[in-house]
Amino acid sequence: MASNEEILAGLAEIVNSETGLDEADVQLDKSFTEDLDIDSISMMTIVVEAEEKFDVKIPDEEVKNLKTVGDAVNFIAGAQA
Amino acid sequence: MRIGRYVKPAPLNFLIKFLNRTVESLMMARKVVITGLGATTPIGGDVPTLWENALKGVSGAATLEDSWVEEFDLPVTFAARATVQPTEVLTRPETKRMDPSTQFAVVASREAWADSGLSKDDIDQNKLAVAFATGIGGVWTLLNAWDTLREKGPRRVLPMTVPMLMPNGPAAAVSLDLGAAAGAHTPVSACASGTEAMHVGLELIRSGKADVVMVGGAEAAIHPMPMAAFSSMHALSRRNDDPAKASRPYDIDRDGFVMGEGAGALVLEAEEHALARGARIYAELAGSSVTSDAHHITAPDPDGMGATRALKAAMFDGRIQPEDVVHVNAHATSTPVGDAPEYTALKNALGDHLDNVWVSATKSQMGHLLGASGAVESVLCALAVYHRTTPVTINLDNQDPAIPLKVVTGKPEALPAEGNIVALNNSFGFGGHNAVVAIRSV
């Protein structure tokens, strides 16, 4: 099971490969849409890749609640438990 | 041409004046010139390298190193890969969101745009269009997604799959990249697609719908499925032991084409637009034509009638006499059945003057780039009339006596140093598609 730090690092890697954003800019308090300027198709790509990477399920109805990177880290950590 | 010269009833005067103006404006078509070139091919990742090698005579074909060749025990084990892969020049997010065919298109069109000297500030984006062709489209994306679906289920099929696999992907990506808002067209006519894109671009400028059009073609189909499918129809050369000698148009031992990949791109511009900004003009795109054989889904009309009509119509369109033509970049894929009807068509269109015309079969060097081939070969034609010299044909050891063309072999041939000269580029595709463009020196 991955620690929160490892989940953040893994998400940062996925976001970087999808958008080209610097991994260091992917921080817990950053909003996916407002701070990182991620559109809905990129967001779904990130969700699908995160599911594969962390072996979790992120239901579609949950995705709209993942407003910040921290929300996603917490959800993935919870889903792993 | 005047309408109603003899009978002019008063109520028809306005209509007649209107018709005459329309006829006159159609006959005074805008001249279209080529001001930028781009290419990424099996014999060079940019235009200077492509041109240097095209004059030298090199082969881009080699044995494929991919594991899938052995995995599927493919009957053909070689192809002509682009010398510079897009992953080497594009960013990771770009390559992740674009099929390889679109990646090639973006690389070539960026080179052509930079070469033209145009900046986004000196063009109205509503007068900037795109006509970017492909023969097959996003086959890598389509089949990778199918594998993912079967192995991992629907949830793992990425959301970008559809925009990546659609055949208009290259045109759409190029229009986004340039901010081209006057339409992004995707001519799809198999191996005639790239040349048909030139035809579409010419029409867009002549009609006034655009002042500048980025035209081109892109293909990335060196994938085991198309390789297997083209092998099944015996279209590919099986010279596995000597890939560099496999593409040999007009040679009696030709046994099929060599699969290539890459893209070509050209900036077409209304002449007055190019002159106003002092652009470097390579050549005029003087005429074009598209016809269809209506004969057979894959075999060319053995009498070359569809190709003949395309050649004659492109020459008529450009007000070109047979004597003006000095060079042909032939379609010449190196298949046993394909190469001969093109000779018949050229003979029909150019008559005895054909004996004076230098013909280059550049697929001997770079293989067959399918929907990109017409665009790359148009780049070579523009350079041929600009530099007044021809690319060479390799591997022509024993010319087929049924095809007595004057083929450029060994070294480039000088084209007439004075006067306007014309090069023709032929492209033909499965489905009976024939596309011809005529490129004239300025």
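User: In what order do the strands of the open sheet of 10 strands in chain B stand, and what is the pairing?

Analyst: The order in this open sheet of chain B is 5-4-6-7-1-8-12-11-9-10, and the pairing is mixed. Strands (E, at least two residues) and helices (H or I, at least four residues) are DSSP runs numbered from the N terminus. The model is predicted: local features need pLDDT of at least 70 and side-chain atom pairs pLDDT 80 or more, while totals for chains, interfaces and linings use all residues. Residues are numbered from 1 along each chain as its sequence is written, with chains lettered from A and ligands numbered from 1 in the order in which they are written.

User: What makes strand 5 and strand 10 of chain B edge strands?

Analyst: Strand 5 (184–185) and strand 10 (358–360) of chain B each have a single partner strand, so one side of each lacks a neighbour in the sheet.

User: Why is helix 12 of chain B called oblique to helix 13 of chain B?

Analyst: The axes of helix 12 and helix 13 (residues 339–350) of chain B come within 8 Å and cross at roughly 40°. Angles under 35 degrees count as roughly parallel, over 145 as roughly antiparallel, 65 to 115 as roughly perpendicular, and the rest as oblique. Helix 12 of chain B is therefore oblique to helix 13 of chain B. Their crossing is right-handed.

User: Which residues make the contact of helix 12 with helix 13 of chain B?

Analyst: Helix 12 of chain B contributes A307(B), T308(B), L311(B), K312(B) and M315(B), and helix 13 of chain B contributes P341(B), E342(B), A345(B), L346(B), N348(B) and A349(B). Residues are in contact if their C-beta atoms, placed from the backbone, lie within 7 Å. By class, this contact of helix 12 with helix 13 of chain B holds seven nonpolar, two polar and two charged residues.

User: What makes helix 5 and helix 8 of chain B oblique to each other?

Analyst: Helix 5 (residues 100–116) and helix 8 (residues 169–178) of chain B pack at an angle of about 40°, with axes 9 Å apart. The two helices of chain B are therefore oblique to each other. Helix 5 passes helix 8 of chain B in a right-handed crossing. Their contact includes W113(B) of helix 5 and P170(B) of helix 8, and it divides into seven nonpolar, four polar and one charged residues.

User: Why are helix 1 and helix 2 of chain A called oblique?

Analyst: The axes of helix 1 (residues 4–19) and helix 2 (residues 40–54) of chain A come within 10 Å and cross at roughly 140°. These helices of chain A are therefore oblique to each other, in a right-handed crossing.

User: How many residues of chain B are in contact with chain A?

Analyst: Nine residues of chain B are in contact with nine residues of chain A. The side of chain B that touches chain A comprises four nonpolar, one polar and four charged residues.

Conventions. Contact = placed C-beta atoms within 7 Å. Nonpolar A, V, L, I, M, F, W, Y, C, P; charged D, E, K, R; others polar. Axes fitted to C-alpha atoms, helices over the stretch in contact; angles between N-to-C directions. Left-handed = near helix turned anticlockwise from the far one by under 90°. Pairing = 2+ DSSP bridges.
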